[in-house]
Amino acid sequence: YPIILANISIPLLGLTDTAVIGHLGALDVLAGISIGAVLMGSIYWFFGFLRMGVTGLVAQARGANDRVEISSILFRGILIAVTGGIALIVIHSFLFSSIFYFLVSDQDAEKLAMEYMSIRVLAAPFAVSMFVFVGWLFGMGKTFHSLCLLVVVNILNILLDIIFVKFLCLGIAGVAYATIVSEFCGFCLGIYLSREFLLKKEQIKSRAILLSNKSR
């Protein structure tokens, strides 16, 4: 049940953004954020292999009681996620322009979607890393922890959406900023939940030795 609920909660960030903006009553803004949320979710899902791959590899290492390999898989996954996220930030202007070149939509909605996506993509390293943390927690058998991670991110996103949009009147930019903050907090919580394998000195030393041997 935690795995099912965790998977269901993954697309809730975009749905929450759309629901909050819907209360503003501006159709072009609603259309813009709907387009932006769907496109961002689709772009991020290209990194879904991290969650699937990490789950299987970690489960094997856990079955072999190889704590160093468990730590190394997590570290490598985060490294790939952060690198991929930074690459998205670097190429986002070209990528988004190419998408909208082939996508037929209202110009106002397209402009607002571009604004939303251009802000939200700044959190790409944190958003993509969430796939790694969720997959790693699944592989470790900590399904309830993965559910808590995603629920915290979504609840925080809802609260920040309301604050930024309703009270600070930041509009579609406020929704994007709320998502950035919630994804960053989710990244920090993921590090906390995996701290035993990610931050301990002996694990860092063993991981460095293992990576050095593999590079040879």
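This is a predicted model: local features need pLDDT of at least 70, side-chain atom pairs count only at pLDDT 80 or more; totals for chains, interfaces and linings use all residues.
Which residues form a nonpolar patch on the surface?

**Entry 1: the surface patch.** I found Ile158, Ile162, Ile163, Phe167, Leu168, Leu170 and Tyr177 in the patch. Together they have about 640 Å² of accessible area. I then looked up which helix supplies the largest share, and helix H8, residues 143-167, gives 4 residues.

**Entry 2: Tyr177.** I picked out this patch member and placed Tyr177 in helix H9, which covers residues 171-193.

**Entry 3: the core.** The largest nonpolar core holds 54 residues, and Tyr44, Tyr116, Met117 and Trp136 touch the most other members. Helix H7, residues 124-139, gives the most to this core, with 11 residues. A reminder to myself: in soluble globular proteins, nonpolar side chains tend to be buried together.

**Entry 4: Ser194.** My last stop was a serine. Ser194 sits in the loop between H9 and helix H10 (195-198). Why do I count Ser194 as buried? Its relative accessibility is 1%, and buried means under 20%, so Ser194 qualifies. I checked its side chain too, and it reaches the backbone oxygen of Gly190 at 2.9 Å. Setting aside neighbours within four places in sequence, I noted Leu74, Phe133 and Trp136 in contact with Ser194. Trp136 had already come up in my core entry, as one of the residues that touch the most other members.

Technical notes
Residues are numbered from 1 along each chain as its sequence is written. Side-chain values use heavy atoms; hydrogens and water are left out. Patches are made of residues with over 30% relative accessible area and no salt bridge: like charges are joined within 9 Å, nonpolar side chains (Val, Leu, Ile, Met, Phe, Trp, Tyr) within 5 Å. Accessible areas come from the Shrake-Rupley method with a 1.4 Å probe; for residues, only the protein chains shown count as cover. A salt bridge is a side-chain nitrogen of Lys or Arg within 4 Å of a carboxyl oxygen of Asp or Glu. Helices (H or I, at least four residues) and strands (E, at least two) are DSSP runs, numbered from the N terminus. A nonpolar core is a set of buried Ala, Val, Leu, Ile, Met, Phe, Trp, Tyr and Cys residues joined through side-chain atoms within 4.5 Å. Buried means under 20% relative accessible area, exposed over 50%, partly exposed in between (1.4 Å probe, protein chains only). A polar contact is a pair of N or O atoms within 3.5 Å; within protein, one must be able to donate a hydrogen and the other to accept it, and residues adjacent in sequence count only if both atoms are side-chain atoms. Contact means heavy atoms within 4.5 Å.
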